[in-house]
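Colleague: Before I rely on the wording used for this protein, I would like to go through a few of the terms and see what stands behind each of them.

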Amino acid sequence: MTTTLDRFVADWQQWHTERNESLRRPLGWLSLTALHWLDSTPTRFEEVPGRWHVAGTTVVRDLDGEITRLEPAEGAPGAEVEFDRGFVEVIQRTGRFGIRIHDREAPALSSFTHIPAYPPDPAWRLTGRFTPFTDERVVTTGAVVDGLEHHHRAAGVVRFRHDGAEHELVAFGDAEGPLQILFTDATSGVTTYPAARTLRAERTGNGSVVLDFTRAANLPCAFTDAATCPIAPPENRLPFAVDAGERNPRTGGAPA
C-alpha cells in the first residue's frame, strides 16, 4: 500500500529529475562558458566571432562590416545573437553591459550527471503565514559579481516556526501571485552553495503557506561563474542548518 511518505518521496523524485533535465538542455545554464564586460573599445573574444563594444546604451557587434545593434534591458534576460555553436547573450547589469557565451559544446554539459541533494525528509515541509506589505517595497541585494546589484519587488514576510522558535523571511514577487524566497542558512558555504538558495512559498489559502525546504534549489551561479545571481538579503539568513534541498554542485555536496 502506498503511504503518505511514499507519495512525498515520489513527488520529490519527479521534481529532482525535472531539475536535472533542465540543466541538460543544450543551451541552458551549463552551456555558459564565459562572461565578458564591454566598454567603448571594439574588442574580439576568442569564443565568438566579431568585435563588440558599447555606444551609449547600445551594444554593437561588427562582424566583418555587418553591424548589429542591441539594447538589452537592465536586469532582464539578454538579447540573443546566434553563432555556429550556440549564441551570445547580451546583458545589462547595474548599468554595465556584457556578453555571455552559450556553447552547446561546453565541457560542463558533457560532464554533468546530477545535482547533489539531501534525501527528501517530510519533516522539512513546514507551514507558515504570509503577511503582505501594505506599501510597495523594493529590496536591493548584492550579487555574486562584485559591484552589481539586484532590485527585488518585496511582497511581504513569511513567518514560521522551527525547533521551538519563530523565524521570518522576506518573500519576493506580488502580494497576490507566486512568492519566491532567497535565503541562506547554517549549511551555506559548508554543504550548500554560499550565496543563496531559492525556495517557493506555496500558498494554501487564508494567508497560510508551505515552505518545502526539500525543494530549496540552487541558482545558476552555483553551476557557472558566468552567471550574475543575487545573494540573499540580510533578513533572510537563517541561523539554523537546513539539511534539505539541493547541495553545492561545486563540491559534489560534500562539506567545503
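Colleague: How do you know how far the model can be trusted?

Modeller: This is a predicted model, and the mean pLDDT of the protein is 94, with 100% of its residues reaching 70 or more. Confidence is lowest in strand β6 (residues 79-83), where the mean is 90, and highest in strand β15 (residues 217-218), at 98.

Colleague: Why is Val 138 called exposed?

Modeller: The term requires a relative accessible area over 50%, and Val 138 has 58%, so Val 138 is exposed. Its place is in strand β9 (residues 125-142).

Colleague: What does Val 138 touch, leaving aside residues up to four places away in sequence?

Modeller: Val 138 touches His 151 and His 152, the criterion being heavy atoms within 4.5 Å. As for Phe 172, which lies 34 residues from Val 138 along the chain, the two C-alpha atoms are separated by 8.9 Å.

Colleague: How do you know that β7 and β8 are paired?

Modeller: Pairing needs at least two bridges, and eight bridges join β7 (residues 86-93) to β8 (residues 96-103), so the two antiparallel strands count as paired. Within this pair, Val 88 stands opposite Ile 101 in β8.

Colleague: What makes β1 and β6 edge strands in the sheet?

Modeller: The four strands form an open sheet, paired antiparallel in the order β1-β8-β7-β6. Because β1 (32-37) and β6 each have a single partner strand, one side of each is left without a neighbour in the sheet. On average, neighbouring strands of this sheet are turned by 25 degrees against each other, direction ignored.

Key:
Residues numbered from 1 in each chain as written. Predicted model: local features only at pLDDT ≥ 70, side-chain atom pairs only at ≥ 80, totals over all residues. Heavy atoms only, no water. Buried < 20%, exposed > 50% of the residue type's maximum accessible area, 1.4 Å probe, protein only. pLDDT = per-residue confidence, 0-100. Axes fitted to C-alpha atoms, helices over the stretch in contact; angles between N-to-C directions.
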